[in-house]
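I opened the model to look up aromatic rings and nonpolar cores. My notes follow below.

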Amino acid sequence: MAAVRRLTIGEALREAIAEEMRRDPEVFLLGEDIGVEGGFGGAFGVYLGLVEEFGHERIIDTPISEKVIAGAAVGAAVLGMRPVADVQYADFLFECMDELVNQAAKLRYMSGGKIRVPMVMRAPVGATTRGAQHGQCPESYFVHVPGLKVVAPSDAYHAKGILKSAIRDDNPVLVFEHKLLYGSKGREAAGGLDLTAEVPAEEYLVPIGKAVIKRPGADVTLVATHVSLYRSLAAADLLARDGIECEVIDPLTLLPLDGDTIFGSVRRTGRLVVVHEDSLTGGWGAEIAARAADECLSYLDGPVKRVASKDAPAPAAPVLEQAVLPQVADIVAAVREAVA
């Protein structure tokens with residue numbers, strides 16, 4: 001029987017990167033504070049120990065300039081390498097919008113398929129009492145961009161497998177991970193749930209573009225990512241006591257979206273609730289809601305509901321942050337409205 005361990009997302013991501021660097025000499029890392037020997041392995045410890053194995057030629061510390069990181073990654077990818085770029089906070093992606101949106105996303109199309117851009121950019125998201133410039137969830141900005149792939153893993157098993165797939169992909173892939181899910185802090189944020197997951201020791205891949213049903217149910221479809229996924233699972237447990245069975249889906253990939261799984265579920269349950277930590281207005285949940293209305297209207301038995309952060313900058317004060325973020329009680333209330 002194959003060996004299986006329980007890993008955190010941070011440990012799983014580190015394994016994925018190390019395995020791909022051993023497999024392919026064209027894979028290299030670049031980012032801030034990732035290559036300090038004996039250091040902390042980047043802002044959240046994902047790269048611990050990698051510089052000792054792979055050296056500074058493949059673990060490249062950069063200046064504090066996200067434009068440099070993104071531009072160098074695009075250039076290296078165009079020339080045949082497979083860069084894995086790191087930004088310490090997803091908020092800083094706004095510093096490199098031209099490189100990502102106008103260059104990485106469009107070069108393959110503009111060259112008639114002759115130019116490939118096989119790059120990955122990892123970006124931690126989510127409010128963690130760090131305030132308005134270090135706590136955003138900007139996934140929706142990039143879901144709007146043809147030519148990019150956008151993934152958002154929420155557990156260690158899928159994080160490892162989909163990162164390996166992203167590194168092997170010939171297109172630019174943005175990987176958004178929630179800061180609270182890297183390690184033990186996420187346990188408290190998600191209501192005490194165990195955020196480790198079983199991860200096989202042997203190699204495996206998780207495909208990009210395929211959602212995961214985390215909990216089957218017949219009464220309402222709940223679609224959520226990151227910490228909101230765990231809060232949705234907690235809400236589903238509470239609702240089950242009253243006989244309301246939620247089918248909880250982790251989309252895992254936001255672009256391209258797995259419509260077959262998500263809207264197939266909506267057609268079975270007749271109801272849809274989408275939950276995310278991004279702001280309500282213009283969040284990726286709005287796209288899923290609109291497509292459900294377009295593709296599943298005759299199946300819907302109740303209103304499509306969205307549960308999201310209030311349209312406000314992420315506060316630094318913990319009590320205000322909790323007031324802005326979607327909570328388990330908000331999800332329960334939305335489901336009850338959908339099934340009423």
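I checked tyrosine 89 and phenylalanine 92, and both are buried (under 20% relative accessible area; exposed is over 50%, partly exposed is in between; 1.4 Å probe, protein chains only). This is a predicted model, where local features need pLDDT of at least 70, side-chain atom pairs count only at pLDDT 80 or more, and totals for chains, interfaces and linings use all residues. Residues are numbered from 1 along each chain as its sequence is written, and side-chain values use heavy atoms, with hydrogens and water left out.

I then looked up ring pairs: rings of Phe, Tyr and Trp (its six-membered ring) pair if their centres lie within 6.5 Å, with planes under 30 degrees apart stacked, over 60 edge-to-face and the rest tilted. I noted 6 aromatic pairs. The ring centres of tyrosine 89 and phenylalanine 92 are 5.6 Å apart and the planes stand at 65 degrees, so I logged the pair as edge-to-face. Phenylalanine 94 and tyrosine 141 are also edge-to-face, at 4.9 Å between centres and 75 degrees between planes. Phenylalanine 94 is partly exposed at 31% relative accessibility, and tyrosine 141 is partly exposed at 48%. I also found a cluster of Phe44, Tyr89, Phe92 and Tyr182, linked by ring pairs.

Which residues have the most contacts inside the largest nonpolar core? They are Leu29, Val273 and Val335, in a core of 59 residues (buried Ala, Val, Leu, Ile, Met, Phe, Trp, Tyr and Cys residues joined through side-chain atoms within 4.5 Å). Apart from this core lies another, of 46 residues, including Phe176 and Ile288.
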